Amino acid sequence: MWLILSLALFFSPVVATTAEPVEIFDSDQQKVVATFDNTEALQEEAQQLLKSVSGRVLELNPSLDHVLIVKIPLTPPKKLVVPSAGIQFDIAEMFVIMPKQGSRPPWLILHTKQYETVVVEFSGSVKKLREQVHLP
């Protein structure tokens, strides 16, 4: 029995321990313009942004024109609970939407472990995130 278990573990596929990279997408260029290692510091900053979620975006279709989008895969997925907005999800991936100009503050598009998409506002600053991914 132990031999079978040992062989099964030995020949089982190796699970990658590194997270998918962080990417920056420029909507004007319609392409990924930069890729970064998904570091612990980026994971911590993503967690801080999630902690500052205040509710769902109330706009029907917030514009994705002239924006930079920072994609951060969360490893492991992070719990997001905002009772006042009826939000309780495990977030697997977050997209920080940062308008290049105008008065619209940044917002988040979140993908859950349950394959749902949630669009939310947050009150945290993106200054540290911008520094970590070398954005002006």
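The backbone oxygen of Pro 76 lies 3.2 Å from a polar atom in the side chain of Lys 78. The model examined here is predicted. In this model, the contact pairs the backbone of Pro 76 with the side chain of Lys 78.

Lys 78 belongs to strand 4, which spans residues 67-82. Pro 76 is placed in strand 4 as well. The peptide bond between Thr 75 and Pro 76 is cis. Its omega angle is about -10°.

Lys 78 is buried, yet it forms no salt bridge. Glu 40 is the nearest side chain of opposite charge. The distance to Glu 40 is 6.4 Å. A salt bridge requires a side-chain nitrogen of Lys or Arg within 4 Å of a carboxyl oxygen of Asp or Glu. Lys 78 also has contacts with residues beyond four places away in sequence. These are Gln 43, Gln 47, Leu 50, Phe 89, Asp 90 and Ile 91.

Met 94 sits in strand 5, which covers residues 87-99. Its relative accessibility is 0%, so Met 94 counts as buried. The cut-off for this class is under 20% relative accessible area. Leaving aside residues up to four places away in sequence, Met 94 touches Ala 46, Leu 49 and Leu 50, among others. Its contacts also include Val 70, Lys 71, Ile 72 and Leu 74. Leu 108, Ile 109 and Leu 110 complete the list. Leu 50 is touched by Met 94 and also by Lys 78.

Met 94 and His 111 are 17 residues apart along the chain. Their C-alpha atoms are separated by 6.3 Å.

Two residues other than glycine have positive phi values: His 66 and Tyr 115. For His 66, phi is about 55°. This residue lies in the loop between strand 3 (53-56) and strand 4. His 66 counts as partly exposed because its relative accessibility is 40%. For Tyr 115, phi is near 65°. Tyr 115 is found in the loop between strand 6 (107-112) and strand 7 (117-122). With a relative accessible area of 78%, Tyr 115 is exposed. The cut-off for the exposed class is over 50%, and partly exposed residues fall between the buried and exposed limits.

Note on methods. Residues are numbered from 1 along each chain as its sequence is written. This is a predicted model: local features need pLDDT of at least 70, side-chain atom pairs count only at pLDDT 80 or more; totals for chains, interfaces and linings use all residues. Side-chain values use heavy atoms; hydrogens and water are left out. Helices (H or I, at least four residues) and strands (E, at least two) are DSSP runs, numbered from the N terminus. Buried means under 20% relative accessible area, exposed over 50%, partly exposed in between (1.4 Å probe, protein chains only). Lys and Arg count as positive and Asp and Glu as negative; His and the chain ends are not counted. A polar contact is a pair of N or O atoms within 3.5 Å; within protein, one must be able to donate a hydrogen and the other to accept it, and residues adjacent in sequence count only if both atoms are side-chain atoms. Contact means heavy atoms within 4.5 Å.
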